[in-house]
Each structure stands twice: as structure tokens, then as C-alpha cells.
Amino acid sequence: MTTQEAFYNYIVRFGDDSLILGQRLSEWCGHGPILEEDIALTNIALDLIGQTTNLFELAVQIEGKGKDVDQLAFLRLEKEYTNLLLVEQPNVDFGYTIVRQFFFDVFRKLTFEALCQSSDEKLAAIAEKSLKEIKYHLKHSSEWVIRLGDGTEESHTRVQAAVNTLWKFTNELFYQDEVDQKVIELGLGVDTSLFKEAWQLHVEKVFTEATLTIPANTWQHEGGRKGTHTEHLGYLLSEMQYMQRAYPNMEW
Amino acid sequence: MSTKNIEELEKEFQAKIDADIKIEPNDWMPEAYRKTLMRQISQHAHSEIVGMLPEGNWITRAPSLKRKAVLLAKVQDEAGHGLYLYSAAETLGLDRESSIDDLHSGKAKYSSIFNYPTLSWADMGTIGWLVDGAAIMNQVPLCRCSYGPYARAMVRVCKEESFHQRQGFEIVSLLANGTPEQKQMVQDSLNRFWWPALMMFGPNDDNSPNSAQSVKWKIKRMSNDELRQQFIDVTVLQAEMVGLTIPDKDLKWNEATGHYDFGAINWEEFNQVIQGNGPCNKDRIDARRNAKENGAWVREAANAFAEKRKKKELTH
């Protein structure tokens, strides 16, 4: 794998995380539990789609094959998407959506803080711009984890169930392979293993306030970064890709 | 306590309106004025909220990242409009929750256009172009409405609506100049939305019972038929510009009146849709009701948590 290929893959992974989570969140539009949250979830989706666009613009530049961002976003096969399994998980209810977001936001914040120091100026600039949004997302998801965890008996039960289901996808946040090794060596990317502990501490701190617990069974799932997904992604993609597949090669 | 009688108060009230002085929440106002405004503003708020659904229907299928982002932002604006309008209605003593319950029970109405389905991507263009276009025609005069909070909310709403209208027309114009499939898609969309868009202005003036009083109170500043005509005159030219055909064989320019003549509107369809028998009435209300019911535990949790925090603060 050349440096160029590794860096391309590295950026596409982050872009895919934003894209798939943005797509999931946008399913909430018009169906939120309260108008203010409808706006908040759509706003986060909008930020994530914006981040996707910036990251994919950089990726296609690096690749240098003259592709556009929409080819990357809409015209790959399922196994070519390299997002985390966590972000493709269905919304289920507001509790699942918030827990999924919280796990992701803590990770994103730590990663993008470090990426501000990337030796690639463009990536550093994207990280810096995105970080402003991510801090707000994390504040929003943390507050809701606490509110739901320490709200009523029902909300506690629901949000704990979400934690129990989604916990198995959290180790994958720190997945690393030859792509990461290559970009870390060159100072383009960041070594996420350095802040795994910080991630865990942040989650535990919020969970303590929320009276939530980390499940005892810690068997972990991974595969997203290599294109092996859960059953959920195929359906998400068939919906998302519908227009581009049904009407190929057109401007919209 | 004022010793003035109702007649004097009404006279002063009308004098203020005639002098274009805004009525503010704490000012005296006739009960009928308050009720008319509450109905109008809450219907408008409901239209924004229900109106999120037909467009929300295409966010997950938007054909490009740019279109997905623009559509997300647009639907978010509509939710925001709903919020300002519910707040404006609250200044008259109508609380948001009970107003929403009236929507769900069918007691309160919303714009009939949102009971039509969005069947293709082109509908995202057509809705911006025609539906937001018609909404602007209706709403620009309301920026001068006599009730302060409503007029001020409308200033902001209109700015955003005008952006929505432009982005809609941009989609329409791109498709109209696109491939044969795209052209067919957008013409089909215009065929489905044209007549329902004309119905958005409400019944003909001679069948609009509340209009005269509303004009006198400056809650309404132009009649339904005047607004409808203005909309047609502008929109026909835009359709011609991009080479689309308005689905009305009776449409023709009238030199004498300086306006377009147009065919008969199917008022029976309008009445049926208003009464709940449109293609999507049930789906729209079910979606709103489900959102409320499925979110009940979240709202309860937020309240319970706020209570706990308040108690904690008191004991510390």
C-alpha cells in the first residue's frame, strides 16, 4: 500500500462515519420527541453531511482520478464502505440514537483534536472546523445521556438497554491496521490507542452522573473498517443510493 | 381597572389599527380578534410542522450530498418557523401542547397542500417553487399584519421562504434543462402540484366568510383571489422560462385585465382534502401523533430530571 492509498483510505473512513451517521440521523426529521430535538438532530445530521463533503473532497484530490464527491458517497458497493459498525446501527428509539451519538462524539472529539496537528494542512483545517461542531454535538449527547439515565425508571431502563446493545461496537472505534500505521508514521494521522483510556474515562464519568453501567459482557465486534458490515447497512445504502442508481450519470 | 365600556375600547382598538399602530400582547383586544389570530397563527404553525413530512420523505434519498444538505437545512428552517409561530400564538394565551393536541384530534387545520404525496425527487423542486412561492405571496403582506408578534415572526419567516423558493426553482430549472427522464419527472411533478398550489390561497372571495373582518383588522391584507391571481401571473412566466407546461388548457393572457385567465378550480377536491379525505391526511396526522406518543417517555424523563436537579439545588 502506497502512502497515497493509505491516506486516501484513512480519510474515506472518517468521511464514511460522518455520512452513514448523518444519514441515520436524518431519518429522525419530522419524527423527533419534541420540536427542539427534531431541530437538534437534523442540525447534527447537517453538520455531519458537511463534514462528509469536506473529507470526500480531500479524498478525491488525494486519489487524483477525477472522481467527484457524489461518486464516492453514492456509488460504491456495500463492502467498499469503511464506516464503523456503530454508526450504521438503526435509530430504534431516541435513547439508542443518543447513546450511539455519545459514544461516537467522545471518540470524534478526541480524534479530531489530535488531527488538528496533522502534517497535512488540509486535513488539519477540516479537523479544526469540524471540531467546533463536534464539541456542540458532544455537549448535546452527554446532557441527554444524563437526563435519560437519571430521569424516570422507564428512561433509565431504555437507555441502559441501548448501552448494553451498543457497547459491543465501541472497541472498533480504536481499530487500527496498516492504513493507520502508515499515516501515523508520517504524522498525517493519529494513533487512537493513545486516547483509548481518555475515551473510557470520559464515558465512565458521564455514566456515573447518569447512573448507567457498562455491561459485564465485553465481547466486541468489528469489521466495518474492512468493509464487513452488519445487516443494517445494505438497507441504508439501497435507500441512500436510490436516485444515483436509478438515474445514472445525471446532474441534480 | 378601566371604567371604559366595550364600545369605547373597540373604537380605540380600531383607531390604532387604522393608524397602523401594532397591537401587542398586553394591549386590550376584542375576543374575536384574539380568536381569529389564534386560529390563523396556530394553523400556520401546524402547516410548517406537517409540511416537514412531505419533504422529510426525500432527505434520505436526496441524489447528492449538496442536495441532502440543502434539504436538511430547509426542513430545519420549517421546524424553526413552527417554533416562532407557536411562540407567537402563546403570546395570545394558546399553549403549544394544547394547540398540538387540536392538530392531532383533527380540530385544528393546516395547509391542504401537505396532504398530497411527494412521489419523485422533482417534487422537492416543485414544492420550493410553487408551495413556498404561494406561501410567500400569502405571507409577505402579513409582515404588515396588525398583531406585532405575528408580523415580526413573518419578517424572519419570509426571508427564509424566499431562499426556499429560489432553491426550489433552481432544482426545477436544472431538471427542466436536463435529460428526457428528468424533464418528464419535473413536468409530471408540476402536473400534480399546480392545482393544489392554487388551492393554497383558499376559497374564492365570495365563499370566504371571515375575510372582510380580517381585512378590517389588518390580519389579512389582500383577498384570496387577488393573491391567487398574483401568484399565477408570476408563475406562468417562470414556467415558460424553463419550458414547462402549466396543466391548464384554459390558461391565457387577457390583454384587457392585464392578468392571466385560468380554468376552474376543483373546489370539491379542495373541500374533500380539507375534511380529511386527501391522499395523505391520515399518514400525516399519524406520523405527528406517533412522534408525540413515541417521545412521551423522553419528555417525561426530561421533566423528572429537571425536578430532581431543582430539589438537589434547594437542599445544597
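Predicted model: local features only at pLDDT ≥ 70, side-chain atom pairs only at ≥ 80, totals over all residues.
View 1. A:Asp180 and A:Arg13 form a salt bridge, and their closest N and O atoms are 3.1 Å apart.

**View 2. A salt bridge between A:Arg225 and A:Asp17.** Here the closest N and O atoms of A:Arg225 and A:Asp17 are 2.9 Å apart, and the two form a salt bridge. A:Arg225 sits in the loop between helix 9 (196-210) and helix 10 of chain A, while A:Asp17 belongs to helix 1 of chain A, so the pair ties together parts that are 208 residues apart in sequence. Buried or exposed: which are A:Arg225 and A:Asp17? Both A:Arg225 and A:Asp17 are buried.

View 3. A:Lys67 forms a salt bridge with A:Glu63, with 3.6 Å between the closest N and O atoms. A:Lys67 is partly exposed, at a relative accessible area of 33%. A:Glu63, on the other hand, is buried, with a relative accessible area of 17%. Elsewhere, salt bridges that share partners join A:Arg13, A:Asp177, A:Glu178, A:Asp180 and A:Lys226 into one network. How many salt bridges does the structure hold over all chains? The count is 37.

**View 4. The rings of A:Phe102 and A:Phe103.** Over all chains, the model has 22 aromatic pairs. One case to look at is A:Phe102 with A:Phe103: the ring centres are 6.1 Å apart and the planes are at 40°, so this pair is tilted. A:Phe102 counts as buried at 0% relative accessibility, and A:Phe103 is buried as well, with a relative accessible area of 0%.

**View 5. An aromatic pair in chain B.** B:Trp129 is buried, with a relative accessible area of 1%, and B:Phe169 counts as buried at 16% relative accessibility. B:Trp129 and B:Phe169 form a tilted aromatic pair, with 5.7 Å from centre to centre and 55° between the planes. B:Trp129 lies in helix 6 (residues 122-139) of chain B and B:Phe169 in helix 7 (residues 148-176) of chain B, so the pair ties together parts that are 40 residues apart in sequence.

**View 6. Charges over rings.** In chain A, the charged end of A:Arg76 sits over the ring of A:Tyr81, at 4.2 Å from the ring's centre. In chain B, take a look at B:Arg61, which lies over the face of B:Trp58, 3.7 Å from the ring centre.

**View 7. Where chain A meets chain B.** Here, 49 residues of chain A are in contact with 46 residues of chain B. About 4000 Å² is buried between the two chains, and carbon and sulfur atoms give 70% of that area. Which residues of chain A lose the most area to chain B? They are A:Leu35, A:Leu46 and A:Trp252, together 18% of what that side buries. There are 3 salt bridges between chain A and chain B, and B:Arg309 forms one with A:Glu209, with the closest N and O atoms 3.4 Å apart. Between the chains, 15 residue pairs are in polar contact. Several helices of chain A give two or more residues to the side that touches chain B, including helix 1 (3-26), helix 5 (94-115) and helix 6 (121-149). Helix 2 of chain A brings the largest share of that side, with 12 residues.

**View 8. A:Ile34 and what lies around A:Ile34.** A:Ile34 is found in the loop between helix 1 and helix 2 of chain A. At 30% relative accessibility, A:Ile34 counts as partly exposed. Leaving aside neighbours within four places in sequence, A:Ile34 is in contact with B:Arg96 and B:Arg299. The C-alpha atoms of A:Ile34 and A:Gln241 are separated by 29 Å, and these residues are 207 residues apart along the chain.

Conventions:
Residues numbered from 1 in each chain as written. Chains lettered and ligands numbered in written order. Heavy atoms only, no water. Phe/Tyr/Trp six-rings, centres within 6.5 Å; stacked < 30°, edge-to-face > 60°. Buried < 20%, exposed > 50% of the residue type's maximum accessible area, 1.4 Å probe, protein only. Helix = DSSP H or I, 4+ residues; strand = E, 2+ residues; numbered from the N terminus. Lys NZ or Arg CZ within 6 Å of the ring centre and 35° of its normal. Contact = heavy atoms within 4.5 Å. Buried area = accessible area lost by both parts, 1.4 Å probe. Salt bridge = Lys/Arg side-chain N within 4 Å of Asp/Glu carboxyl O. Polar contact = N/O pair within 3.5 Å; in protein donor to acceptor, adjacent residues only side chain to side chain.
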